[in-house]
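Reader: I would like to learn how to read a strand in its setting. Please walk me through one case.

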Amino acid sequence: MSVSWHGQRQPITWEQYLHLDEDIRRDLEIVDGFVVPRELRGREHQKVGTRLSLAMERAAVAEMRTGDGSSYETNTEVDVLLWEVPPMARKPDAVLHRCLPEYEQLAAEHCVIVAEVLSTWSVRRDRVHKMSDYADAGVPHYWLISFDKVGALTIERYALSGRKGRYTHIGTTHRDMGPVAVSLTDPFPLEILWQDLEVAPPVN
């Protein structure tokens with residue numbers, strides 16, 4: 001069965017959403033059973049998300065070599081199923097999650113860190129709506145990243161105090177504070193430098 005989308009205003013199921021053409025679905029999310037367009041994302045926005053994903057992946061690979069046997073991977077702009085009734089799925093700019101079998105759907109329960117890159121078109125959605133959705137779904141860590149022409153500028157980190165509920169702000173770093181963008185031990189030792197998140201040479 002093939003399902004197309006042309007300004008759909010009626011609720012659909014998760015299965016129907018998955019049957020949308022992949023090229024169309026790339027720019028959509030499903031919120032409370034309704035298909036909605038994603039916010040506009042410029043070149044720097046997308047590059048920052050990609051750089052962050054790669055930096056988290058390097059840390060995850062190091063952890064897998066020396067850690068407790070847990071297996072992690074990263075993705076960018078992939079559907080994360082938060083819950084099925086009514087269907088809710090977001091596409092974070094970067095996500096660190098536990099490894100899954102090839103055909104298993106990535107869901108909130110697999111996610112360790114979800115990150116959204118802020119922009120003019122996304123700031124309210126990321127700070128209010130998505131933050132609430134990820135918290136309700138039980139994603140343990142949520143990051144918000146601002147950026148400029150050089151690359152990532154600030155990283156705000158939030159964490160759940162329990163399995164689900166509201167996020168608590170646990171720290172914000174700024175590029176002017178030093179070379180280290182993120183240094184933490186939870187969910188595992190992870191260090192990211194600002195230079196890892198650059199999309200252009202530093203401005204002199």
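**Reading strand E8**

Author: Start with the pairing. E8 and strand E9 (residues 152-160) run antiparallel to each other, joined over seven bridges. Strands (E, at least two residues) and helices (H or I, at least four) are DSSP runs, numbered from the N terminus. Two strands pair if DSSP finds at least two bridges between them. This is a predicted model: local features need pLDDT of at least 70, side-chain atom pairs count only at pLDDT 80 or more, and totals for chains, interfaces and linings use all residues. Residues are numbered from 1 along each chain as its sequence is written, and side-chain values use heavy atoms, with hydrogens and water left out.

Reader: Which residue in E9 is the bridge partner of Ser-146?

Author: Thr-154 is that partner. Now look at the hairpin of E8 and E9, with four residues between the strands. There, Gly-151 takes a positive phi near 155 degrees.

Reader: In what sense do E7 and E8 pair?

Author: Strand E7 (residues 111-117) pairs with E8 in the parallel sense, over five bridges. Ala-115 stands opposite Trp-143 of E8.

Reader: How is the handedness of a crossover read?

Author: Point the strands away from the viewer; the crossover is right-handed if the path from the first strand over the helix to the second runs clockwise. Here E7, helix H4 (residues 123-137) and E8 form a right-handed β-α-β unit.

Reader: Why is E8 described as largely enclosed?

Author: Buried means under 20% relative accessible area (1.4 Å probe, protein chains only). Six of the seven residues of E8 (residues 141-147) are buried, so the rest of the structure largely encloses this strand. Across the protein, 48% of the 204 residues count as buried.

Reader: Which residues touch the most other members of the largest nonpolar core?

Author: A nonpolar core is a set of buried Ala, Val, Leu, Ile, Met, Phe, Trp, Tyr and Cys residues joined through side-chain atoms within 4.5 Å. The largest has 26 residues; Leu-52, Trp-143, Leu-190, Ile-192 and Leu-197 touch the most other members. Elements giving two or more residues to this core include helix H3 (43-66), E7, E8 and E9. H3 gives the most, with six residues.

Reader: What is Leu-52 in contact with?

Author: Contact means heavy atoms within 4.5 Å. Neighbours within four places in sequence aside, Leu-52 contacts Ala-94, Ala-115, Trp-143, Ile-145, Ile-192 and Leu-197. A second, separate core has 21 residues, among them Leu-82 and Tyr-134.

Note on methods: Buried means under 20% relative accessible area, exposed over 50%, partly exposed in between (1.4 Å probe, protein chains only).
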